[in-house]
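Hi,

Here is the structure I promised to pass on.

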Amino acid sequence: MIKLNRALCTECQICMMICSWTHFGENTTKRSRIFVDAEWPEIPAIKVCLACPNHECVTACPNDALAWENWIQLDKERCDGCGACIEACPVNGVHMDSQAALPLICDTCEGQFQCVQWCPTKAIQIKE
Amino acid sequence: MKTWHGYTGKILDVDLTSATLSETELDRTLAKNYMGGKGFGAKILYDQLPPHCDPLSPENILVFATGPLTGTLAPSSGRFEVCTKSPATGLWLDANCGGFFGPELKFAGYDMIIVRGKAASPVMLVIEDNRFELKPAGDLWGVDTITTHRQIKDTLGKEFRVACIGEAGEKGVVFAAIISEYRALGRGGAGAVMGSKNLKAIAVRGTLSIAIHAPDHFMTTCREAFNELANNPDTGGGRQKFGTNLILSLMDETGIHPVRNFQKGQFAGASKVNEETIVRYYVRDKACFGCPIYCSKIAEVKEGKYKGSFTEGPEYENVWAFGANCENVDIGAIIQAEYLCDYYGLDGITTGNVIGFLMEGFEKGILSETDMGFSMNFGNDESMIKAVHLIGRREGPGKLWGQGVKKIGEQIKECRHFAMHVKGLELPAYDPRGSTGMALAYATSDRGGCHLRSWPIGDELLATEDRMDLSSVEFKAELVKTQQDLFCMVNCSGMCLFATFAVNLKQITPFLHSATGIEAFGSSDEVMRTGERVNNLVRLFNIREGLTKDLDTLPKRFFTEPLNEGPCRNRIVELDQLLEEYYLVRGWDIDGIPTDETLRELAVSAPPAGLEASGSLLEGGENN
């Protein structure tokens, strides 16, 4: 999974761009599973699923739409977009996709970790 | 209808006088011929701005324009332009800014905002996903830009991106900047134009995507460009570590780092204010949208009398303007001055110039303590900070100072010969006596004293191969012309000029082509021709506004007072031959007017009826 060194984050949002691109083929930052939250001039917060051991989003989901298998898996058929997972996430790592009204949760690009590959400063790394 | 790629295809047209907002379609011919950014602004102002209008009257037009690459994954493509008629020069102005506003505008569905007229009372423009409205902003009037950003984000949501003015813009300081996400559309007074329209701020948020014409080709180009940037010793090394300050020592050692309002070319305090000392103030790296160079820094003063001051920067030009130019060696004061420029919404280069100019006037006994309210010797950091406050608030003597050195010189004639400006815009941090390239670059820059229309010093000092001689005039006209056209095109595209240190024209072209699908952008020659077309159109705009050959010149000091120390000792500027060659390679006549043949060759459009220039300037121009 992902580990973060937010002190190295420059706020460039390349991670958000490549995430949206990889999953939706769209040039935007707005459908990203990773989110750089900046409050100038402070060090930004990077909000993304850190694969916590308790999988609190899975427990919180009233529709059993989430499951853990290598990463959080979403069953789109079951999800009604209620946002309980967003509330439950202890690291604010779940975001709502405003286009599809479904939660966006990091799937590590199925092991490809595009954000890690593209981050210019190694603020995002793979947790071995 | 055909969908747009690279562009959103929509323009927001705002008439503040009647409070009418309308959405219009982007014209395909405009996109093809003028690309975006500066090109869009040039075409709109040339076609629509009443000649000789007062820049601070409701007649002036303020264009915020992105380029086809703005907001895309192409590296360093967070840039947007503001174009208007400058209150400082009375001529063309475009100012370019990074940050996040430009991309957000495209994610909200617009390539461009055209602002006309004047609101009856202070307003802000709010744009969100193809919806737009004007909101009263009386409560923000008089509020500094930093607080304005915070308040807007607190009220509307932190995802909103803001461009706003401070007190300086509201009060018509002719070098007031527009501040966007703590960066500046700095030069030439666009902030005063915005203030004259009673437009305090624009806030924008969007959730849309930008369609890409040929995604695979685009992504291959992206990967290559990101690699180039990472491997380049500037964009992947020095600039990341030192920010734009990486060349401070080099400029000083070369003897072209202006000191004491351009009286000297080497700074006695250079060992105290250089890239190695400034880097100690950096707290962290900061980038604009989509940029791997992260040349921006957050700097903080941890001790001394400016303890607690911070800024996003300090940037090379401001370090010079409030450092060497004022002979100040306190980096804390530089950081504080830069912060105040952002706070009030001022152009740092001009503010530092004005203060250096006042200091020279004071030391020469022309300006007295009675005139200024305090003594103003070179090196007096406290007076420097006081002066920034007075200019920002346009208070007391700051009323006059806020007019820039040209107009102060017109009022106080004894100071006139050391007013360091070109066409009314104060000069940046390279002494043209040491660099023939910069001399020509300044003299021919379309917005006045500026280093960002062309930057020949790069080829004279920094090039690793085919480096040109600093003092020779050979090929400088060709160099300046080529760079002006390239830089102009880059400012149309939405990419940052800094990316071009590593990513060359042959690599930018595939970005433009694969993003937009516009056939003309498939050829590097055509892409460069776009830059040249825009530059010629801007020249026509300037000529219509009264520009003559006589103004393509430099302050008298550079012709008559040689540098008296350092490697460029005894040098003065000799401009005549350079200018003559420049006009020739530009295809302009001996008076600097584009020939009909040049305009025809470049397919520069003829002006609409009623706005023609005098004479045969544009006969035969292709109308579109």
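Starting with chain A: its radius of gyration, taken over C-alpha atoms, is 14 Å, which agrees with the value near 14 Å that a compact globule of 128 residues would have (the globule rule being 2.2 Å times the number of residues to the power 0.38). Before you go further, note that this is a predicted model, where local features need pLDDT of at least 70, side-chain atom pairs count only at pLDDT 80 or more, and totals for chains, interfaces and linings use all residues. Residues are numbered from 1 along each chain as its sequence is written, while chains are lettered from A and ligands numbered from 1 in the order in which they are written.

Along its principal axes, chain A has C-alpha atoms filling a box of roughly 40 × 30 × 30 Å. It has 4 helices and 8 strands (DSSP runs numbered from the N terminus: H or I with at least four residues for helices, E with at least two for strands). From the N terminus, the order in chain A is β-α-β-β-α-β-β-α-β-β-α-β. Of its 128 residues, 40% are buried, meaning that 20 or more other C-beta atoms, placed from the backbone, lie within 10 Å of the residue's own. Taking contacts in chain A between residues at least 6 apart in sequence, 56% join residues at least 24 apart; a contact here has the two C-beta atoms, placed from the backbone, within 7 Å.

Now for where the chains meet. 19 residues of chain A are in contact with 22 residues of chain B. The chain A side of that has 9 nonpolar, 7 polar and 3 charged residues (nonpolar is Ala, Val, Leu, Ile, Met, Phe, Trp, Tyr, Cys and Pro; charged is Asp, Glu, Lys and Arg; the others, Gly among them, are polar).

Chain B splits into domain 1 (10-205), domain 2 (245-421) and domain 3 (436-602), with bounds from an automatic or database domain assignment. The C-alpha centres of domains 1 and 2 of chain B are 27 Å apart, and 32 residues of domain 1 are in contact with 24 of domain 2. On the domain 1 side, α4 (145-156), α5 (167-170), β10 (178-180) and β11 (183-185) of chain B each give two or more residues, and α5(B) gives the most, with 3.

Cheers

Note on methods. A residue is buried if 20 or more other C-beta atoms lie within 10 Å of its own, exposed if 12 or fewer, and partly exposed in between; C-beta atoms are placed from the backbone.
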